[in-house]
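Let's take a friendly walk through a protein model, one feature at a time. Keep the picture open as you read.

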Amino acid sequence: MRKNILITGASSGLGRGMARQLAARGRNLALCARRVDKLEEVREELTRAHPGIRVTVRQLDVRDYEATATAFRSVRREFGSLDRIVVNAGLGSGASVGTGQFEVNRATAETNFLAGLAQCEAAMETFRDQGTGHLVVVSSVSAARGLPRHLTAYAASKAGLATLADGIRADVHGTPLKVTALFPGYIRTEMNEGLEKTPFIMDTEKGCELLVRAMEREPARAFVPAWPWAPAGAVMRHLPLALVAKSV
């Protein structure tokens, strides 16, 4: 069992929801995010509901790459080992490329991919040293195909993160080190709460329950939920461009 687990982006949304699910399974948690007041709320909630677990928090902006490595190392020292690290922190903002919103797209690309790389570096440094560990990266069904408008940079960054996970998995093939890429479909969070007509959207609790179930199996890749997103992802890769242009 992966007992000691670190989650980034844990103050809200999928990170907070996954923390709740893992706490209910008796796991010790290290919760990282920028908003330390929100992290303290989560810690209080989880330790009150599950007094037998340990929960520690770290204020962390994942775009501070040195701070990311330092935070991961300090959690390992505190817990003695880190068994699973969930690279979850991300942004969903964006705009059509070439419309004067470079800074918005840059922030999304940097947070989702470059900061994701920094987290993977820090995680794998720990796991290689320990000789064991499970890296989980949270990508998106949007990674299946380049998408228009506000999703262009987001989809590209999530596709990059998934490909990064594939490469790390190949690099440690045949060792005890495991790497999983999760591709959540539409799950209701603060990031998408303004969307009214999102197809197949799922509430946060159920979505996070399925995400944790998937990561516990430790597959190479998992669409969550598998239906309809696994077949939908395959279809998206082959849709005519005219249909993709109208898809969002």
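Pro225 sits in the loop that runs between E7 and H7. Names such as these come from DSSP runs, numbered from the N terminus: helices are H or I runs of at least four residues, and strands are E runs of at least two. The model is a predicted one, in which local features need pLDDT of at least 70 and side-chain atom pairs count only at pLDDT 80 or more, while totals for chains, interfaces and linings use all residues. Residues are numbered from 1 along each chain as its sequence is written, and side-chain values use heavy atoms, with hydrogens and water left out.

What kind of peptide bond joins Val224 and Pro225? It is a cis bond, with omega about -10 degrees. Another cis peptide bond runs from Trp227 to Pro228, where omega is near 10 degrees. Pro228 is part of helix H7.

## The buried side of H7

Helix H7 covers residues 226-236, and its buried residues are Pro228, Trp229, Gly233 and Met236. Buried here means under 20% relative accessible area, exposed means over 50%, and partly exposed is in between (1.4 Å probe, protein chains only).

What covers these buried residues? Strand E7 (221-224) is included in the cover, with contact meaning heavy atoms within 4.5 Å.

## A stacked pair of rings

How many aromatic pairs does a search of the whole structure find? It finds one. The ring centres of Phe183 and Phe223 are 4.9 Å apart and the planes are at 20 degrees, so this pair is stacked. Rings of Phe, Tyr and Trp (its six-membered ring) pair if their centres lie within 6.5 Å; planes under 30 degrees apart are stacked, over 60 edge-to-face, and the rest tilted.

The pair connects distant parts of the chain, as Phe183 is in strand E6 (residues 177-184) and Phe223 is in strand E7, 40 residues apart. Phe183 is buried, at a relative accessible area of 3%, whereas Phe223 is partly exposed at 21%.

## Where H3 meets H4

Now look at helix H3 (residues 65-79) and helix H4 (residues 102-130), whose axes come within 10 Å and cross at roughly 35 degrees. Axes are lines fitted to C-alpha atoms, for helices over the stretch in contact, and angles run from 0 to 180 degrees between N-to-C directions.

The H3 residues in this contact include Tyr65, Phe72 and Arg76, and those of H4 include Leu114, Ala118 and Asp129. Eight of the contact residues are nonpolar, four polar and five charged. Here Ala, Val, Leu, Ile, Met, Phe, Trp, Tyr, Cys and Pro count as nonpolar, Asp, Glu, Lys and Arg as charged, and the others, Gly among them, as polar.

Arg149 is in the loop between strand E5 (133-138) and helix H5 (152-171). Its phi is near 55 degrees, a positive value in a residue other than glycine. Glu218, in the loop between helix H6 (204-217) and E7, also has a positive phi, near 55 degrees.

Arg237 belongs to the loop between H7 and helix H8 (241-245), and is partly exposed at a relative accessible area of 45%. Beyond its neighbours within four places in sequence, Arg237 is in contact with Ala144 and Arg145.
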